[in-house]
Amino acid sequence: PAAMPTFTHTALPTLPPALTPLAALALSTAALCAAASPAAANLRDAAPGDAGCAITAFGAVADDGLADTQALQAALDACAPAGQPVTVPAGRFDVAHVRLPSGTDLRLAPGAHLRASIALADYPPIAALGGHRAWLYGEGVENVAISGPGLIDGAAAPVYARMAQIIAQDAQDREADERVRFGIMLHGCRDVALRDFSMRDTQMF
């Protein structure tokens, strides 16, 4: 996948041809609520892995196939208020619904791979979204940054396959619609910077 360029304004930038339309949509929501401000523009330039909070220090284990959601959430909750970056080292980490607090500075190191859970139960309905679900979610947050060069993987293919089965049995079955979840959703936010990471196979935007 191609790396995303930096953007901190309301217009989605020109995307590399290799980036899928779904990946473009996944980031467009964040772009629409990102304010052009010094806080967003001055995303710290230290490389991922510099001093900060590594999710492995909070119990995450790469490539073990077990959920790392609690570790990532704990790292964000502990480090964002202190202004410390949260780093994701190389390896695959399996993560379900996570709330991004104000001050989030999430850095994906080279070879880092955040992969979404495919279990519907891992994504609670969100009242502010009309009951829809989201993976990486922030509501009313400020000063949020996500940077690469790692990968954010929505793992949506099995979800779409299950939706197709449901629709084939009953096109009116609401279960299919209820399985739709947003990738990165920042709702009512400001001062957002997203840069240099790759994104693939995200459901919705």
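Hi everyone, thanks for coming. A word on ground rules: the model is predicted, so local features need pLDDT of at least 70 and side-chain atom pairs count only at pLDDT 80 or more, while totals for chains, interfaces and linings use all residues. Residues are numbered from 1 along each chain as its sequence is written, and side-chain values use heavy atoms, with hydrogens and water left out.

Let's start with the overall picture. The protein chain has five helices and 12 strands; these are DSSP runs numbered from the N terminus, with helices being H or I of at least four residues and strands E of at least two. Of the 205 residues in the chain, 48% are buried. Here buried means under 20% relative accessible area, exposed means over 50%, and partly exposed is in between, with a 1.4 Å probe and protein chains only. Among contacts (heavy atoms within 4.5 Å) with a separation of 6 or more, 70% are between residues 24 or more positions apart.

Now, how many salt bridges does a search of the whole structure find? There are six, each being a side-chain nitrogen of Lys or Arg within 4 Å of a carboxyl oxygen of Asp or Glu.

Let me show you three of them. Arg200 pairs with Asp153, with the closest N and O atoms 3.3 Å apart. Is Asp153 buried or exposed? At 6% relative accessibility, Asp153 is buried, whereas Arg200 is partly exposed at 35%.

Next, Glu139 and Arg99 meet at 3.7 Å, N to O. Glu139 belongs to strand β7 (residues 133-139) and Arg99 to strand β4 (residues 98-99), so the two join parts 40 residues apart in sequence. Glu139 is partly exposed at 39%, and Arg99 is partly exposed at 38%.

Arg92 is partly exposed at 23%; Asp94 is buried at 11%. Salt bridges that share partners also bring in Arg115, giving one network of Arg92, Asp94 and Arg115.

Last stop, helix α3 (residues 69-79). Its buried residues are Thr69, Ala71, Leu72, Gln73, Ala75, Leu76 and Cys79. What do they pack against? Their partners are β1 (53-54), β2 (86-88), β3 (91-95), β4 and β5 (105-108).
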